[in-house]
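Subject: Structure for you to look at

Hello,

Here is the structure I promised to hand over. Please open it first, then read my notes below.

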Amino acid sequence: MPDPTVLYVLNGPNLNLLGVREPDVYGHETLDDVQALCQRAAGDAVLVFRQSNHEGELVDWVQEARERASALVINPAGYGHTSVALLDALRTLTIPIVECHLSNPAARERFRHRSYVSPVAAGVVSGFGSFSYELAVKAALRLAQEHRAAADRSV
Ligand code: DQA
């Protein structure tokens, strides 16, 4: 049996308040709703879905994903605009990374235009509310498949 595809979906600060936090910007769905949506989109893949308000915990999980994941989706939330530590951790990964946002940071305040994650992401999905996650999961699974096929060809 081939190894299962393991997809990590990591969520940064304040996303635990999804549904009650600025619903006009982030929508009415909760993080549990988003997790269920990701599970549906991931099909048979093993989904590891987590949220933290703590930068170091997110760094730890990125390092864990380095050992265990086939691909990583990350909504870094506010840390995406500030965290060199998160960027450094992400740089250690060889698996595909997809950056995901509910809103479209590029269309918002200037301080949201900088992303420390984008330089190491294969792609960014933003602005579609919870549908951003569905698209990001699909993209990450496709990239994981391609990544595995390329690795198999090289042995
Ligand atoms: C966000 C956008 C960020 O600018 C913001 O800090 C968030 C959520 C989004 O999903 O739209 O917390 O990542």
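Start with the ligand and His81. One oxygen atom of the ligand is 2.6 Å from an N or O atom in the side chain of His81. Keep in mind that this is a predicted model. Leu102 also comes in, but through its backbone: an N or O atom there lies 2.8 Å from a ligand oxygen. Arg112 uses its side chain, with a polar atom 2.9 Å from an oxygen atom of the ligand. How much of the ligand does the protein cover? On its own, the ligand has 320 Å² of accessible area, and the protein covers 98% of that. The ligand sits in the largest pocket.

Which residues are around the ligand? Here is the list: Arg21, Tyr26, Asn75, Ala77, Gly78, His81, His101, Leu102, Ser103, Arg108 and Arg112.

Two of these names come back below.

Take Asn75. This residue lies in strand 3, which covers residues 71–75. Is Asn75 buried or exposed? Its relative accessible area is 4%, and the cut-off for buried is under 20%, so Asn75 is buried. The side chain of Asn75 also makes a polar contact with the side chain of Tyr133, at 3.1 Å.

Now take Arg112. Besides its place by the ligand, Arg112 forms a salt bridge with Glu109. The closest N and O atoms of that pair are 2.7 Å apart. Arg112 has a relative accessible area of 17%, so it counts as buried. Glu109 has 35%, so it counts as partly exposed.

That brings us to the salt bridges. Side chains of opposite charge can pair when their charged atoms come close. How many salt bridges does a search of the whole structure find? The search finds 5. One of them joins Arg50 and Glu64, with the closest N and O atoms 2.9 Å apart. This pair links distant parts of the chain. Arg50 is in strand 2 (residues 46–51), while Glu64 is in helix 3 (residues 55–68). The two residues are 14 apart. Arg50 counts as partly exposed, at 24% relative accessibility.

Another salt bridge is between the side chains of Glu67 and Arg66, at 3.2 Å from N to O. Look at how open each partner is. Glu67 has 61% relative accessibility, so it counts as exposed. Arg66 has 46%, so it counts as partly exposed.

Next, two backbone angles. Most residues other than glycine have a negative phi. Asn14 is not a glycine, yet its phi is positive, about 75°. Find Asn14 in the loop between strand 1 (6–11) and helix 1 (23–26). Its relative accessible area is 36%, so Asn14 is partly exposed. Glu22 is not a glycine either, and its phi is positive at about 35°. Glu22 is also found in the loop between strand 1 and helix 1. With a relative accessible area of 39%, Glu22 is partly exposed.

Last, find Asp88 in helix 4 (residues 84–91). Asp88 is partly exposed, with a relative accessible area of 44%. How far apart are Asp88 and Glu99? In sequence they are 11 residues apart, and in space they are 15 Å apart, C-alpha to C-alpha.

Best wishes

Terms used. Residues numbered from 1 in each chain as written. Predicted model: local features only at pLDDT ≥ 70, side-chain atom pairs only at ≥ 80, totals over all residues. Heavy atoms only, no water. Salt bridge = Lys/Arg side-chain N within 4 Å of Asp/Glu carboxyl O. Helix = DSSP H or I, 4+ residues; strand = E, 2+ residues; numbered from the N terminus. Buried < 20%, exposed > 50% of the residue type's maximum accessible area, 1.4 Å probe, protein only. Near = heavy atom within 4 Å. Polar contact = N/O pair within 3.5 Å; in protein donor to acceptor, adjacent residues only side chain to side chain. Areas by Shrake-Rupley, 256 points an atom, 1.4 Å probe, with all protein chains shown as cover. 1 Å grid on protein atoms, 1.4 Å probe; cavity = no way out; pocket = protein on both sides within 12 Å on 5 of 7 lines; lining within 4 Å. Sits in = over half its atoms within 2 Å of the grid points.
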